[in-house]
Amino acid sequence: SVPADASNPDSVVVSVLNISATLGSQAVLPCKSYRMVWTQDRLNDRQRVVHWDVYSNYYGDNKMERLCDMYSAGDQRVYSSYNQGRIFMPQNAFTDGNFSLVIKDVAESDEGTYSCNLHHHYCHLYETVKIQLAITKKAEDANQYWDGEKPVIVALKGSTVMLPCVNHNHIWTERHSEEEQQVVHWDRQPPGVPHDRADRLIDLYASGERRSYGPLFIRQKMNITDTAFALGDFSLRISELESADEGTYSCHLHHHYCGLHERRIYQVFVTEPVREKKVVNLTTHNIAPAIACIPFPLPSDPNVVRGHNVINVIIPESRVHFFQQLGYILATLLLFIVLLIIVVLITRKRRQRGYEYNVKKYGEKDVNLKEFTVDTTDLTQYKSEDIRLDYKNNILKEKAEQARSFPAKNIDLDK
């Protein structure tokens with residue numbers, strides 16, 4: 001893609017428009033300027049002219065009078081026979097830019113306000129320079145000064161005076177080929193893209209040269225008429241609008257010779273087409289009346305009510321639908337309760353296993369301590385080992401020792 005024109009950053013934005021069009025339609029972005037109308041100047045004078053006028057009240061009539069004029073490709077013309085040979089402009093005025101007026105043998109009737117008018121009909125430019133001329137009979141009063149609005153010249157009666165009008169702008173002095181100096185650009189900025197990164201769409205020159213950029217389908221749907229420079233109408237036509245065509249478009253008008261640099265901005269929005277709809281009252285069994293949209297034409301019916309563009313469709317809910325939603329809610333709640341019970345049971349079972357003590361050996365089964373029996377009879381002889389008793393006689397001592405050593409056994413002699 002070709003970037004936007006950055007060679008003229010001082011382009012003046014003359015208008016900003018918002019354009020909204022429906023999808024699939026044709027949009028026209030108006031861009032007109034009669035200053036860009038090109039007519040070939042075969043005489044090479046570019047329709048440049050200068051003329052001098054004077055506003056005088058010497059005779060009490062306060063009138064404006066044309067003194068002389070001159071075209072860039074012609075001779076100067078003096079309107080009054082009285083001024084023939086007395087007033088004139090330099091013959092090379094349109095070469096060096098000196099349009100000063102020379103007045104010989106000035107008289108009191110020459111007093112007034114003079115204006116130097118430069119007209120560029122081709123570029124539609126108009127410039128005016130005003131000078132006040134006063135006549136005095138005393139040489140010491142001759143002077144020049146600025147009164148705050150225009151220069152004032154006080155000239156001696158009978159002398160020769162020159163009223164200055166100088167403009168060295170190339171518009172008035174140079175000659176160029178018009179078709180190389182006039183060009184129109186169209187740029188497009190997608191949403192969110194700054195102006196300096198816009199895409200170039202079309203370049204159109206006054207010579208007839210046309211340059212289109214981008215894919216083929218864009219060049220076919222976006223175009224300018226061939227008579228643009230003849231009519232001054234450089235409007236861009238976009239056919240078969242799509243949503244992708246939204247964005248900011250810019251029309252750049254450049255007349256390098258005339259110093260014209262203008263830019264017009266267009267915000268393009270694409271909307272959906274409005275379809276014609278009809279409203280019909282529908283009644284079904286066990287369901288309240290509803291409002292429905294019918295996209296196709298219906299036969300004539302006295303119950304049909306024609307609506308406008310937008311219709312709201314509202315269908316009331318029945319009791320069956322209510323119970324169906326309630327069943328979904330109850331089933332979800334029951335499933336949640338079952339899952340909660342399973343989690344509680346698993347947790348309790350794991351806690352019970354934590355209180356059991358299992359003894360494991362490598363390669364053997366679990367052994368329960370309850371299976372073992374402990375014989376406590378062998379511990380009786382150790383119960384009273386350290387007990388020291390004092391006995392009254394040896395007979396009691398012997399009996400006590402016998403009782404500690406072995407318990408008495410009952411022997412049944414009858415067996």
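Aspartate 110 is buried in the predicted model, with a relative accessible area of 7%; buried here denotes under 20% relative accessible area, exposed over 50%, and partly exposed in between (1.4 Å probe, protein chains only). Arginine 86, its partner in a salt bridge, is likewise buried, at 10%. The closest N and O atoms of this pair are 2.9 Å apart, a salt bridge being defined as a side-chain nitrogen of Lys or Arg within 4 Å of a carboxyl oxygen of Asp or Glu. Aspartate 110 is located in the loop between strand E7 (101-103) and strand E8 (112-120), and arginine 86 in the loop between strand E5 (76-78) and strand E6 (87-88), so the pair ties together parts that are 24 residues apart in sequence. Helices (H or I, at least four residues) and strands (E, at least two) are DSSP runs, numbered from the N terminus.

Residues are numbered from 1 along each chain as its sequence is written. The model being predicted, local features need pLDDT of at least 70 and side-chain atom pairs count only at pLDDT 80 or more, whereas totals for chains, interfaces and linings use all residues; side-chain values use heavy atoms, with hydrogens and water left out.

Eleven salt bridges were found in the structure. Aspartate 187 pairs with arginine 200, with 2.6 Å between the closest N and O atoms. Aspartate 187 belongs to strand E13 (residues 182-189) and arginine 200 to strand E14 (residues 199-205), so this bridge ties together parts 13 residues apart in sequence. Both are buried: aspartate 187 has a relative accessible area of 1% and arginine 200 one of 7%. A network of salt bridges links Asp187, Arg200 and Asp203. Glutamate 209 and arginine 211 also form a salt bridge (2.9 Å, N to O), but glutamate 209 is partly exposed at 36%, as is arginine 211 at 37%.

Three aromatic pairs were identified in the whole structure. Among them, phenylalanine 94 and phenylalanine 99 are edge-to-face, at 5.1 Å centre to centre and 75 degrees between the planes. Rings of Phe, Tyr and Trp (its six-membered ring) pair if their centres lie within 6.5 Å, planes under 30 degrees apart counting as stacked, over 60 as edge-to-face and the rest as tilted. Phenylalanine 94 is buried at 8% relative accessible area, and phenylalanine 99 at 0%.
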